[in-house]
Number of protein chains: 2
Amino acid sequence: MTRTPATAANGRPTMRDVALHAGVGLATVSRVVSGDTHVSPSRTAAVRKAIAELGFRRNDSARQLRKGAAASIGLLIESISDPFFSLINQAVEEVALSRDSLLMSASSNRDAEHARKMILAFCARRVEGLIITPPERLGIECLQQEILAGVRMVFIDRPLPGLNADTVITDNVGGARTGVLHLIAQGHRRIACFTDREELFTTSNRVRGYREALESAGIPVDPSLVYAHGEYLFSDPLKAMLAGPNPPTAVFTGNNRATSTLLREFSLQKVSLALVGFDDFELADVLQPGVTVIAQDPLSMGRIAANLLFTRLDGDSSPAQTVTLETRLIARGSGEIRA
Amino acid sequence: MTRTPATAANGRPTMRDVALHAGVGLATVSRVVSGDTHVSPSRTAAVRKAIAELGFRRNDSARQLRKGAAASIGLLIESISDPFFSLINQAVEEVALSRDSLLMSASSNRDAEHARKMILAFCARRVEGLIITPPERLGIECLQQEILAGVRMVFIDRPLPGLNADTVITDNVGGARTGVLHLIAQGHRRIACFTDREELFTTSNRVRGYREALESAGIPVDPSLVYAHGEYLFSDPLKAMLAGPNPPTAVFTGNNRATSTLLREFSLQKVSLALVGFDDFELADVLQPGVTVIAQDPLSMGRIAANLLFTRLDGDSSPAQTVTLETRLIARGSGEIRA
DNA sequence: GCAAACTTTGATAACGTTTTCACGACTCCA
DNA sequence: TGGAGTCGTGAAAACGTTATCAAAGTTTGC
């Protein structure tokens, strides 16, 4: 019968307890637990029985300490409640799982200080690698030291300026260009742009794509039609544009949040301009009219970044690469409104 | 100048290296790193300098091993890409952060086997506590042993049958009742219900609320108006209901996914019944008409669950409690369509 | 039939921390 | 001036694993 379960200080049985209980050596228990096949069947069975009876569970802290690195990776994203990032998280989690690696994730909420803190916390936990969406002004100093220490890093959604490392990004310029060209093809020549702060990597590239599309069609870029601020206060600028002498007939929104904010504004101000939004979203097809979007592929991004990281962890030391994912125009109606 | 950075096998400097570099004892370094104030200013400065020069970072595995438990908690949710759960994740992360605890999270995707695996992985990492959304058939055996070992657990969104533990849930019955009564108040008497499998805890309670509301209004429950299956294939059943002799004039949807699936179906089949959905969602206010919902409060749920867990970790051993959060009816138009 | 190879096994030494312990150097109050 | 408290300090002993090593037992090769 289960003897009085021998315990560590912790309240948990240790390998030593198991060894005693099974009447074998400590090393044999370790071998069984680690799946080493060079143990006789009788002893393996005895150890298994003792483990079950005592409810032993290997202490991963000790294991990690001994082995030098944990089978775990860290993921730092912008915000877990943003569908784009939660899908990235999901994909990374799946890959990590398939590699028997545990994923720790955290949201920076665009705070560089917080991001640094979390990265250091991950490194203190001795993660093998990191996948990072760097917030503005993250800086490379705090990472440099970790890279030297052997922590592999992959950047996702945007590069870290000044650091030559593996990066997975969307073709922001091309995607935005495609979206705006789509509006131009419908006859629009007055196309507004609502988006986030232009200092951000993704935003600036998408705005560049917007400009390139206009220029390639011989349409002058009108700064009064571009609203790029971090506060997403679209109400007044939209009113101003519409009240102007030469109002826009179509809008390009630079990201998910801009799209939903603008749609809300359309609804409030009872207007309905042609619209193409960057990034797909739930219910885009249910709205009337369906919202035409430039879809990114966050699941692929996460998967690719994670695979890249694990390839590095497996020893690949080829030069750093940047993977750029193409976007996909999904026409649902809002972009097809004729000028 | 920075001497040749002494290194551990790992590639990283250890406290011993720091001690050597600073010309102090190992224990002193530990004291400085742990924020112990009983160290002379001169030595503290020397240690700080050595740490900076060597790029030392404390090895948390060793720390955990020595201290017995990690300052970390585990969160097991259903799916990180579900906004309801990603908000829970966000709230838990915030609380954990404020307690200097690291959060590890994983999605079960409704797979009990996978859930068990992740829970064991968390426990092997010696998390102090767990917040769990138990999938069906999770069972209590695998948890019992961990609870005995001192791991505290809080269940969220649904209880674990057979286990008397802290639980944070939504008032599913009351919320559903409120929603359906809202439809009844608009004069509807033929109210359909589209939702997930009725075996699920939340679903069954919401369906019960739906039934209670009808019964309390003296309206017989018509089984042909209730569609409760896990596949979310609403197209045919909706057609069948509408083609029937006594078609529904309103619908109650049991969760987010049911609501969006049904809205998509409305759009495809070009119908527009009155609708109240359980759980709020992005853009519910932008749709035409705005979708009336029974809003849950996932942020509060996560916050409360996390605080409950930390209270337990702080030593609270009062009887297990179940916190039930009230819902909020948000009328946006879709529920106000008159019969 | 005997040496050479391979198994299986348990002691034992790490891994990098925190914590105890004891020792010396102070301060304090008589 | 001296004994009782402090305080700062480093040596050393854990924490629970895994890896190394040598010993014992078993097979193989000629």
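This is a predicted model: local features need pLDDT of at least 70, side-chain atom pairs count only at pLDDT 80 or more; totals for chains, interfaces and linings use all residues.
The contact takes 46 residues from chain A and 46 residues from chain B.

**The side of chain A that touches chain B**
- Helix H4 (60-67), helix H5 (83-98), strand S2 (102-107), helix H6 (112-124) and helix H11 (256-269) of chain A each supply at least two residues of the side that touches chain B.
- Sorted by class, this side of chain A has 18 nonpolar and 18 polar residues, together with ten charged residues.

**Helix H1 of chain B**
- In helix H1 (residues 15-22) of chain B, the buried residues are B:Met15, B:Asp17, B:Val18, B:His21 and B:Ala22.
- Viewed down the axis of H1(B), these buried residues fall within an arc of 155°, so they line one face of the helix.
- The cover over the buried residues of H1(B) includes helix H2 (26-33) and helix H3 (41-54) of chain B.
- Just after H1(B) comes B:Gly23, which takes a positive phi of about 70°.

**A:Pro159 and its surroundings**
- A:Pro159 is placed in the loop between strand S4 (152-156) and strand S5 (166-170) of chain A.
- A:Pro159 counts as partly exposed because it has 18 C-beta neighbours inside 10 Å, whereas a buried residue would need 20 or more.
- Leaving aside residues up to four places away in sequence, A:Pro159 touches A:Thr167 and A:Ile169.
- A:Ile169 is ten residues from A:Pro159 along the chain, and the C-alpha atoms of the two are separated by 7.8 Å.

How values were computed
Residues are numbered from 1 along each chain as its sequence is written. Chains are lettered from A and ligands numbered from 1 in the order in which they are written. Helices (H or I, at least four residues) and strands (E, at least two) are DSSP runs, numbered from the N terminus. A residue is buried if 20 or more other C-beta atoms lie within 10 Å of its own, exposed if 12 or fewer, and partly exposed in between; C-beta atoms are placed from the backbone. Two residues are in contact if their C-beta atoms, placed from the backbone, lie within 7 Å. Ala, Val, Leu, Ile, Met, Phe, Trp, Tyr, Cys and Pro count as nonpolar, Asp, Glu, Lys and Arg as charged, and the others, Gly among them, as polar. The arc is that of the directions from the helix axis to the C-beta atoms.
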